[in-house]
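Subject: Structure handover

Dear colleague,

Here is the structure you asked about, with the sequence. My notes on it follow below.

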Amino acid sequence: MKKSRWINSLVAAFAIVFFVGCSKSPSDTVEAWHEALCNQKVDEANKYSTTRVQALNGIIAAGIKENGNNKDVKDFKSWEVVKEEINGNKAVVTIKYNTGKTDTIDLVKEDGEWKVDVQK
């Protein structure tokens, strides 16, 4: 009986570590999405996107590939997260490019995971 409780406790601890460790913050999601786009990995970017954004990912990645040496594309690749706001199942991540320009990226939580979204 003690062995059974110990095994159940071990399984529960593993599940908590696994699921907490796998959950990404909105900022983590934006970073993974952005990196995938910069590397033209559309399928990877789609994992971090709502259906509405998935339709745009291919266009964005193609533009990066075609204009890779363009100054605007180089600036697009260099940025940092400066703010993250979470309000229930919605979040806004503010990023700042090396040019000083800032953008906000909207996210929604779908099935427990943050996804990059565009507001209607």
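Helix 2 (residues 26-38) lies across strand 1, strand 2, strand 3 and strand 4, and runs at about 135° to strand 1. Contact here means heavy atoms within 4.5 Å. Axes are lines fitted to C-alpha atoms, for helices over the stretch in contact, and angles run from 0 to 180 degrees between N-to-C directions. Helices (H or I, at least four residues) and strands (E, at least two) are DSSP runs, numbered from the N terminus.

This is a predicted model, in which local features need pLDDT of at least 70 and side-chain atom pairs count only at pLDDT 80 or more, while totals for chains, interfaces and linings use all residues. Residues are numbered from 1 along each chain as its sequence is written, and side-chain values use heavy atoms, with hydrogens and water left out.

The four strands form an open sheet in the order 1-2-3-4, with antiparallel pairing. Strand 1 (79-87) and strand 4 (113-117) are at the edges with a single partner strand each, so one side of each has no neighbour in the sheet. On average, neighbouring strands of this sheet are turned by 30° against each other, direction ignored. Two strands are said to pair if DSSP finds at least two bridges between them.

Strand 2 (residues 90-97) and strand 3 run antiparallel and are joined by seven bridges. Val 93 has Ile 105 of strand 3 as its bridge partner, and Thr 94 has Thr 104. The hairpin of these two strands has four residues between the strands, and Gly 100 in this hairpin takes a positive phi near 100°.

Strand 3 and strand 4 are also antiparallel, paired over five bridges. Lys 109 stands opposite Trp 114 in strand 4. In this second hairpin two residues separate the strands.

Two residues of strand 3

What does Ile 105 touch, leaving out residues up to four places away in sequence? Its contacts are Val 30, Trp 33, Ala 91, Val 92, Val 93, Ile 95 and Val 116. Ile 105 lies in strand 3 (residues 102-110) and counts as buried because its relative accessibility is 10%. Buried means under 20% relative accessible area, exposed over 50%, and partly exposed in between (1.4 Å probe, protein chains only). Ile 105 and Val 116 are eleven residues apart along the chain, and their C-alpha atoms are separated by 7.0 Å.

Val 108 also lies in strand 3, and its relative accessibility of 13% is why it counts as buried. Leaving aside neighbours within four places in sequence, Val 108 is in contact with Thr 50, Asn 89, Lys 90, Glu 113, Trp 114, Lys 115 and Asp 117. Val 108 and Thr 50 are 58 residues apart in sequence, yet 8.1 Å apart in space, C-alpha to C-alpha.

Thr 50 itself is found in the loop between helix 3 (42-47) and helix 4. Thr 50 counts as buried because its relative accessibility is 4%. Among the residues that Thr 50 touches, not counting those up to four places away in sequence, are Glu 110, Lys 115 and Val 116.

Most residues other than glycine have a negative phi. Which residues other than glycine take a positive value here? Gln 40, with phi near 55°, is one of them, and Asp 111, with phi near 50°, is another. Gln 40 lies in the loop between helix 2 and helix 3 and is partly exposed because its relative accessible area is 32%. Asp 111 lies in the loop between strand 3 and strand 4 and is exposed because its relative accessible area is 82%.

Surface patch

Leu 56, Ile 59, Ile 60 and Val 118 make a nonpolar surface patch of about 310 Å². Patches are made of residues with over 30% relative accessible area and no salt bridge: like charges are joined within 9 Å, and nonpolar side chains (Val, Leu, Ile, Met, Phe, Trp, Tyr) within 5 Å. A salt bridge is a side-chain nitrogen of Lys or Arg within 4 Å of a carboxyl oxygen of Asp or Glu. Accessible areas come from the Shrake-Rupley method with a 1.4 Å probe, and for residues only the protein chains shown count as cover. Leu 56 lies in helix 4 (residues 51-66) and is partly exposed because its relative accessible area is 37%.

Regards
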